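Here is a note for a colleague opening this entry for the first time. Please keep the sequence and the model in view while reading the points.

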Amino acid sequence: MTSIVPSTHNPDIVKERKNATCSSEEIAVWYHGGAEKLKNKREIEREIFADLETDYGLKHEYLDHEGVYNRAVEQATKAAKKLRRLQKERNPGGTEIWPGGLYDASSPGILPANSPLSTHLTMFVDVIKGQGTPEQVEKWAGLAENCNIIGTYAQTELGHGTNVRGIETRADYDRKTQEFVLNTPCLQAYKWWPGGLGHTANHANVVAQLYIDGEHKGIQMFIVQVRDLETHMPMPGIDIGEIGKKIGMHAVNQGFLGLKNVRIPRDQMLMKNTKVMPDGTFIESPASRLSYMTMVYTRCLIVNLDALYLLEAATIATRYSAVRRQSPINPDDPEPQIMDHVTQQLKLFPEIASGVAYHLAAEHMWELYYLTVDEINNGKYSRMPEIHALSCALKVLCTTDGCAGIERLRLACGGHGFMTAANIGNIYGNAVAAYTYEGENTVLLLQIGRFLMKSWSNLVEGKQMLSSVEYLRQGQEMNSFQKWDNSWECIINAFKYTAAHKTRVAYESFSERMRAGQTQPEAFNNSGIELTQAAEYHGRQFVAEIFCKAITGPRSSSLSPPTKAVMETLVELYLVHMTLSHLCDILRFIPLTEADVKSLQRRLEVALQKIRPEAVALTDGFDFDDRVLNSVLGAYDGNVYERIFEAAKMSPMNKKPVQDSFEKYLKPFMKSNL
């Protein structure tokens with residue numbers, strides 16, 4: 001089929017780029033961490049996209065379920081070979097290209113429905129390296145990193161997910177043979193959801209309840225071979241398969257796993273921290289929460305990914321809003337670009353700001369993660385509760401705000417946003433899954449609430465406070481907030497102050513219920529609403545502060561004044577929009593006047609006006625390749641209508657003018673007398 005898409009760019013989108021004062025290239029360098037990293041990213045993309053067929057991403061949408069999976073395996077293995085070679089050429093021993101390139105910003109270009117290797121690369125390898133002994137790491141990690149074996153992380157069960165303590169898979173130690181015997185005692189104990197488990201993985205990190213001589217020893221992790229390395233058939237005692245189609249992530253190949261008297265050697269329990277000796281002696285971990293660091297790592301990765309998905313959707317919707325013309329503002333005027341409507345700006349621009357805020361918060365969390373890992377390796381565990389709570393908070397907020405934002409952006413594209421070819425649906429499907437996995441969001445908020453209750457108790461008792469909860473001191477006195485002065489510092493302090501008092505309210509509610517005779521678990525459950533609200537604000541004040549510091553501090557010092565001004569306007573928009581969105585809680589503790597609220601509303605409108613001429617160039621700065629966005633609405637050239645029509649002509653149903661169902665069903669129906 002001859003393409004009808006013009007070789008020239010849409011004049012409206014050309015005008016947007018010409019009139020912007022910020023530099024897309026500067027933003028790209030800043031966003032991707034430097035000129036060299038950006039250069040490498042683009043060169044790697046050219047390599048991995050070089051042999052993709054035209055309209056690969058759209059054609060992918062017309063494959064059946066089995067075809068999507070098999071195509072993903074094909075593309076993932078092809079890309080892996082290229083990425084391995086590039087890693088050796090550019091930075092031997094590094095991980096940023098391989099395996100990082102198979103789940104980074106470029107990966108949707110080759111894996112539109114996500115990757116069946118994602119859990120292997122992001123969890124299976126990391127768990128072995130993080131929780132295995134030196135001997136286990138030497139035996140397994142190299143095989144896994146080189147993909148000589150493919151693994152997954154099998155924790156969640158059909159009947160239990162976030163409540164890890166409740167999982168039912170059982171491992172009994174047989175000291176006679178020095179083996180563990182693994183069983184799923186009931187249907188609910190079947191492992192359910194592990195990525196790649198269905199038909200890709202041949203090994204799994206299986207989380208199970210350990211028993212020695214019938215005595216429970218808690219949750220432990222075991223390396224279990226689930227498929228034969230030559231035939232790929234299930235191993236004896238293994239019941240395995242795929243769980244079926246989902247809302248999104250169709251190629252991840254999530255699976256189920258049942259085990260019946262599956263025996264594995266003693267050295268296939270990961271024993272860096274907790275150990276079982278040959279005679280059955282059990283040696284407990286020096287820090288019971290060490291295994292949580294795998295979850296912290298994965299939650300940091302989730303924040304990276306969902307921030308990325310939000311910015312992808314924002315780029316698509318912004319470009320479309322520059323090209324789409326509709327609804328004159330004055331009755332006799334020509335139809336304007338819909339981005340000229342202030343209500344459209346309010347749908348678009350806060351999501352750009354939010355995506356950047358979470359991107360920067362994720363960067364900061366990675367720094368804290370690696371610092372904590374270094375401390376753990378040196379026998380220091382004090383930071384673990386803090387980073388656990390922060391990673392939970394970021395995971396909850398980024399997935400909640402990101403998914404809601406992607407949906408707002410889809411709606412901002414009107415009816416065309418509902419088309420699969422717009423790709424916002426795919427992006428949403430990838431993003432929304434993270435709302436539940438690696439900890440369901442409400443449960444994570446309650447875990448943060450527990451951390452805040454302990455922190456408030458420490459404050460009341462005069463004990464030392466962790467740095468991330470120092471702001472709680474503001475909750476000890478009512479009506480002590482500084483005079484409202486409209487500054488960014490004032491807004492950030494308002495969120496800290498509100499967060500502190502939210503924690504105080506939750507603590508008082510919890511304590512009152514205890515005094516009334518409720519058990520501690522009952523009081524905690526009945527205080528759940530206050531606890532989750534306090535937890536949310538713990539995260540929001542953190543993100544706001546990190547965003548502001550990153551834009552005003554050394555992280556952004558290389559930006560030119562015009563580009564820096566645009567990024568500062570994003571901070572202004574983020575802080576003001578967030579304040580207006582949470583006024584109900586803020587006004588409970590801080591006496592803003594009507595004039596203060598009116599000022600915030602005006603500042604919101606001014607920020608939208610300032611971003612309006614910069615929006616296309618700003619989103620260009622995230623440097624998403626057209627093959628990554630895979631959207632008829634969001635292509636760089638802005639030729640929206642031609643691409644929509646061309647995509648429609650590609651539908652398999654248009655290959656013949658009359659469908660079989662006409663003669664078989666519709667025509668007889670039309671001629672019948674009902």
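1. Start with the hairpin. E2 and E3 form it, with 4 residues between them. Gln-178 sits in the turn and has a positive phi of about 55 degrees. Strands here are DSSP runs (E, at least two residues), helices are runs of H or I with at least four, and both are numbered from the N terminus. This is a predicted model, where local features need pLDDT of at least 70, side-chain atom pairs count only at pLDDT 80 or more, and totals for chains, interfaces and linings use all residues. Residues are numbered from 1 along each chain as its sequence is written, and side-chain values use heavy atoms, with hydrogens and water left out.

2. How do the hairpin strands pair? Strand E2 (residues 170-174) and strand E3 (residues 179-183) are antiparallel, over 5 bridges. Pairing requires that DSSP finds at least two bridges between two strands. Asp-174 stands opposite Glu-179 in E3.

3. E3 has a further partner. Strand E9 (residues 262-265) runs antiparallel to E3, joined by 4 bridges. Val-181 has Arg-263 in E9 as its bridge partner.

4. Look next at the open sheet of 3 strands. Its order is E4-E8-E7, with antiparallel pairing. Strand E4 (191-192) and strand E7 (238-242) are at the edges with a single partner strand each, so one side of each has no neighbour in the sheet. E7 and strand E8 (residues 255-259) share 5 bridges. Asp-239 faces Gly-258 in E8.

5. Two backbone details deserve a look. Most residues other than glycine have a negative phi, and most peptide bonds are trans. Trp-193 is not a glycine, yet its phi is positive, about 100 degrees. Trp-193 lies in the loop between E4 and strand E5 (203-212). The peptide bond from Trp-98 to Pro-99 is cis, with omega near 10 degrees. Pro-99 belongs to the loop between helix H5 (65-90) and helix H6 (118-131).

6. How many cavities of 30 Å³ or more does the whole structure hold? The search finds 3. A cavity is a set of points on a 1 Å grid over the protein atoms alone where a 1.4 Å probe fits but cannot get out; lining residues have an atom within 4 Å of a point. The largest cavity has about 70 Å³ of space. Volume is the space filled by probe spheres set on the points.

7. What lines the largest cavity? Residues in the lining include Pro-108, Tyr-309, Glu-312, Asn-426 and Val-628. Helix H8 (292-323) and helix H11 (424-432) each supply at least two residues. H11 gives the largest share, 3 residues. By class, the lining has 5 nonpolar, 4 polar and 1 charged residues.

8. Finish at the surface. Leu-666, Phe-669, Met-670 and Leu-674 form a nonpolar patch with about 510 Å² of accessible area together. Patch residues have over 30% relative accessible area, and nonpolar side chains are joined within 5 Å. Areas come from the Shrake-Rupley method with a 1.4 Å probe. Phe-669 is in helix H22 (residues 660-671).

Definitions and conventions: On a 1 Å grid over the protein atoms alone, a cavity is a set of points where a 1.4 Å probe fits but cannot get out, and a pocket is an open set with protein on both sides within 12 Å along at least five of seven lines; lining residues have an atom within 4 Å of a point. Ala, Val, Leu, Ile, Met, Phe, Trp, Tyr, Cys and Pro count as nonpolar, Asp, Glu, Lys and Arg as charged, and the others, Gly among them, as polar. Patches are made of residues with over 30% relative accessible area and no salt bridge: like charges are joined within 9 Å, nonpolar side chains (Val, Leu, Ile, Met, Phe, Trp, Tyr) within 5 Å. A salt bridge is a side-chain nitrogen of Lys or Arg within 4 Å of a carboxyl oxygen of Asp or Glu.
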